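Have a look at the model first, then read on.

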Amino acid sequence: MTNNTFNSADNSTNVFPEWRNKDLKDALCACRDLLEDTSFPTVARWRENGGKVIGHFQVYFPEELAHAAGALPVKMRGTQLDSTHADSHFGSYLCSIIKTTLEVSLSKNITLDMFVSHPICDAARNLAAIWGRNHDYPCQILYLPQNPNSSHSVEYLKDEYSRLLETITAVTGSKVTDADITNSINVFNENRELMRDLYDIKRETPWLISAEDAYALVALSGIIPREEHNELLRWALPLIKERSERQQDRIRVVFEGAFCEQPPLDMVRMLGQSCYVVDDDFLIGLRWITDDVPNTGNPIYNLAESYIERSSYSPVQHDNRKLKEEMLLTRVRKSRAEAVIVAAAKMCEPGLEEQVAYTYALDEAGIPYFVSEFEENMTSFEGIGLQVETFLENILFA
Amino acid sequence: MSITAGIDVGSTYTKVVIVNDQGEILARELRPTGFKLLQVATATLESCIKKAGLNREDINYIIATGIGRHQVTFKDVHVTDLTASARGAGYLFPNTRSVLDVGGQTMKASRVDENSKVSSFRMNDKCAAGTGAFLEKTARYMGFETEEIGPLLSTSREPVPISGVCAVFAESEVINHLSLGTPPADIMLGAITSLVERCLQLLRRIKAEPEFTLIGGILRFEAMAKSIGDQVDVKVNVPADDIVQFVTAFGAAILGQRRLKKLAEEQALEASAG
């Protein structure tokens, strides 16, 4: 990266100092507080320091490109805001995240320099157009390949990423070299490794970290610079492993259905009180690439190839080599889960459709499951909590 | 011999029951819940262990239940009070098909199957009018303590109507009745009758079937059980003495025994496979 307006390696990128100089418990509390803060203070601080912000909608976005250009990639994942402006742009029959993501921007809780959406569903396809009419900065649609099985898909995606990078660099006013992108790939590879380590803790010793703390640690990667996130995880993970929390006799559960809209943190907390959430697809876009991205050769090609060849699954990517039901069953087996919570965001067509295939596969495999819906701005969890507990008790005392 | 403890952290009282693998109650203990749930759960358990002549390490498995179950950090697992009370009622009265639990601040009706699994349930709305708090308030308006409700009821000749729509508004009804010279015992029985009507509404909503087992602190008052029995027109089961208040904690302890057995079976299976 040359001529950057903002140096991401500079000390001034310390946008989330609240976790520092605290013990683990208080630091995790600071992480949860930041996650629930609808004013997005870390993004505001980045901008105050002169940095540019690239907002990207769910599910996956090659954040390395924004990072290489010196911008802060921010995961736009909705929030618990009342939709006052956005309701006039979207019908009531659409999911919440579309509206609250737009609301976050229209209400000026967050200010971006560029926004990228993806055609993962009709609502998301329309989001970029509506966004563009209401903001005076670039709004782009990133067209991820509809058919990842095509032999041309990697080359196609490489070109698409290059097209996107041109707009990003126009916004940041920087020139990005291959070495810059490779450097970003290295930063993100470390982050991916740390996230995998976190999920290993969830799978092997889930009593050492609560479901909501694990969630918060992952989610923060979407709103703070990745170097800071790496630093946070490098510090927190060894301390979590050293904890002496008592293991409880709980059912091990996989949560499936949060690939786009996210359940509120209180719902994650409620689930974590009744079972061990040993694996999940929470914010799967932030953990989409499952292995290291190669750091030799053409870095944009490497990113594109990794999206296709080294990636997780979601209801909005259709790859004949990655049968979603099979991948769910693998997730269950790998984590030694005893049950699955098959959830979907209200009004989410892809999520609700996939529930059918998932439940058929689970039935066939004899794995008990609980089907549910959620909404990011729901506030009452008593009903669903009682249902989940009853479901788990039926397994526990069968 | 495996020993398990059930801890029911209720909204008004915290109850602990310790049982052996024969399902025999070794000790039971009860304390007001107050505001420090973990502290009271710990203290009640320790006191109960002492009563049973045991040590903490003698307890092989702990199940927490009740509204404060999540706060009990030293448990092995927690279960809903619906599951625990169904198992407790089913253990004491194996033909139980409907359970009515009237506590200090909640009322729950469950329909259960032949294995004491909950198949349907309803709970009262977030309102004290359908709970023991309603009786306590009514007694307090007339200058009586909760412990005096039982003896007071035994002197009643005829209940007077109390709407029971709201525990707060009931105060004005009580004052009206007192100003008309109505004996406090009849007012108290009127409050019981009102509470019973709420119980019946819940039982109707779950399509309750006999046998009925009635549990919870409010069932300590004989008039309550008798009134419900008269209304449903079949014999109702009421655990003897103060056990009626411990059924949920007892059910949790029994579930603990069941879980220990299952874990032992799984371990044996793993050992034989490996």
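A salt bridge here is a side-chain nitrogen of Lys or Arg within 4 Å of a carboxyl oxygen of Asp or Glu. Side chains of opposite charge can pair when their charged atoms come close. Please keep in mind that this is a predicted model, in which local features need pLDDT of at least 70 and side-chain atom pairs count only at pLDDT 80 or more, while totals for chains, interfaces and linings use all residues. Residues are numbered from 1 along each chain as its sequence is written, chains are lettered from A and ligands numbered from 1 in the order in which they are written, and side-chain values use heavy atoms, with hydrogens and water left out. Over all chains, a search of the whole structure finds 32 salt bridges.

**Salt bridges in chain A**

- A:R331 pairs with A:E256 in a salt bridge whose closest N and O atoms are 3.0 Å apart.
- A:R331 sits in helix α12 (residues 324-334) of chain A and A:E256 in strand β5 (residues 252-256) of chain A, so this pair ties together parts that are 75 residues apart in sequence. Helices (H or I, at least four residues) and strands (E, at least two) are DSSP runs, numbered from the N terminus.
- Both A:R331 and A:E256 are buried; buried means under 20% relative accessible area, exposed over 50%, and partly exposed in between (1.4 Å probe, protein chains only).
- A network of salt bridges links A:D200, A:R203 and A:D279.

**Salt bridges in chain B**

- B:K51 forms a salt bridge with B:E29, and their closest N and O atoms are 3.0 Å apart.
- This pair links distant parts of the chain, 22 residues apart: B:K51 is in helix α1 (residues 37-51) of chain B, and B:E29 is in strand β3 (residues 25-32) of chain B.
- B:K51 counts as exposed at 53% relative accessibility, whereas B:E29 counts as buried at 14%.
- B:D101 forms a salt bridge with B:K108, with 3.7 Å between the closest N and O atoms.
- B:D101 is buried at 8% relative accessibility, and B:K108 is buried with a relative accessible area of 7%.

**Around B:S85**

- B:S85 lies in helix α2 (residues 81-92) of chain B and counts as buried at 3% relative accessibility.
- The side chain of B:S85 reaches the backbone oxygen of B:L82 at 3.3 Å.
- Leaving aside neighbours within four places in sequence, B:S85 is in contact (heavy atoms within 4.5 Å) with B:D101, B:I215, B:V247 and B:T248.

Key
Polar contact = N/O pair within 3.5 Å; in protein donor to acceptor, adjacent residues only side chain to side chain.
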